[in-house]
Amino acid sequence: MGFPSDQPLKSSSGEPQRCSGRYRYHGGKPADPNEGVHPEMVDSDPSEPPATGIPGSPDELIAMQARSERPEKPDRELSARVQEVLDLIEQLDTSAAEDQQIALTLVRHLEGFHDEVVEEMKDDEQAKHSQIVAWSIDADRLMRSRILLESVDLE
């Protein structure tokens, strides 16, 4: 005799239903799989197929890593101001040390901006936790980039 999760679920029409993998019974009674789950983590549409490209087993993960091709980031158009800054930087006649200082100034500015946004969102009751986490991770990446740039000795 197997566990209830071993048996395919059937709807009232007799059609098999897709399992989300969450435990569906408590004390022999059906339970809401989203009960007690933070609203941002609730499945928005359980009829959607799971995301493609996500391995379902360790063997699939190993097979994915063995492939030599990596998906490329999609090309996104830069804003006019960003493109203008990049064009001006390309026109500069600077040394490597000056280039490093320009890069450090830009990264410090972005890092400070991200830190300020995180602080504002922490005090905002309407802010989503996922946004705070994403901005915090970006701030951390910028900090690490700054530390790496500062550690480069160009002499």
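Trainee: In which element is H109 found?

Mentor: Helices (H or I, at least four residues) and strands (E, at least two) are DSSP runs, numbered from the N terminus. H109 is found in helix 3. This is a predicted model, in which local features need pLDDT of at least 70 and side-chain atom pairs count only at pLDDT 80 or more, while totals for chains, interfaces and linings use all residues. Residues are numbered from 1 along each chain as its sequence is written, and side-chain values use heavy atoms, with hydrogens and water left out.

Trainee: Is H109 buried or exposed?

Mentor: Buried means under 20% relative accessible area, exposed means over 50%, and partly exposed lies in between, with a 1.4 Å probe and protein chains only. H109 counts as exposed because its relative accessibility is 59%.

Trainee: How far apart in space are H109 and L142?

Mentor: Their C-alpha atoms are 9.7 Å apart, although 33 residues separate H109 and L142 in sequence. L142 is found in helix 4.

Trainee: Is L142 buried or exposed, and what is L142 in contact with?

Mentor: L142 is buried, because its relative accessible area is 15%. Contact means heavy atoms within 4.5 Å. Leaving aside neighbours within four places in sequence, L142 is in contact with V107, L110, E111 and H114.

Trainee: What does E111 touch?

Mentor: E111 is found in helix 3, and a relative accessible area of 10% makes E111 buried. Residues up to four places away in sequence are again not counted, and E111 touches A139, L142, M143 and R146.

Trainee: Where is R146 placed, and which residues does R146 touch?

Mentor: R146 has its place in helix 4. R146 counts as buried, because its relative accessibility is 17%. Not counting residues up to four places away in sequence, R146 touches L104, V107, R108 and E111.

Trainee: At what angle do helix 3 and helix 4 pack?

Mentor: Axes are lines fitted to C-alpha atoms, for helices over the stretch in contact, and angles run from 0 to 180 degrees between N-to-C directions. Helix 3 (residues 96–123) and helix 4 (residues 129–151) pack at an angle of about 155°, and their axes are 9 Å apart. Helix 3 is therefore roughly antiparallel to helix 4. Angles under 35 degrees count as roughly parallel, over 145 as roughly antiparallel, 65 to 115 as roughly perpendicular, and the rest as oblique.

Trainee: Which classes of residue form the contact of helix 3 with helix 4?

Mentor: Ala, Val, Leu, Ile, Met, Phe, Trp, Tyr, Cys and Pro count as nonpolar, Asp, Glu, Lys and Arg as charged, and the others, Gly among them, as polar. The contact of helix 3 with helix 4 has 14 nonpolar, five polar and seven charged residues.

Trainee: What does M121 touch?

Mentor: M121 has its place in helix 3 and counts as buried at 12% relative accessibility. M121 touches A127, Q131, I132 and W135, not counting residues up to four places away in sequence. The C-alpha atoms of M121 and I132 are separated by 6.4 Å, and these residues are eleven apart along the chain.

Trainee: Which pattern does the protein chain follow along the sequence?

Mentor: The pattern is β-β-β-β-α-α-α-α, and the secondary structure comes to four helices and four strands. Buried residues make up 9% of the 155 residues in the protein chain. Among contacts between residues at least 6 apart in sequence, 43% join residues at least 24 apart.
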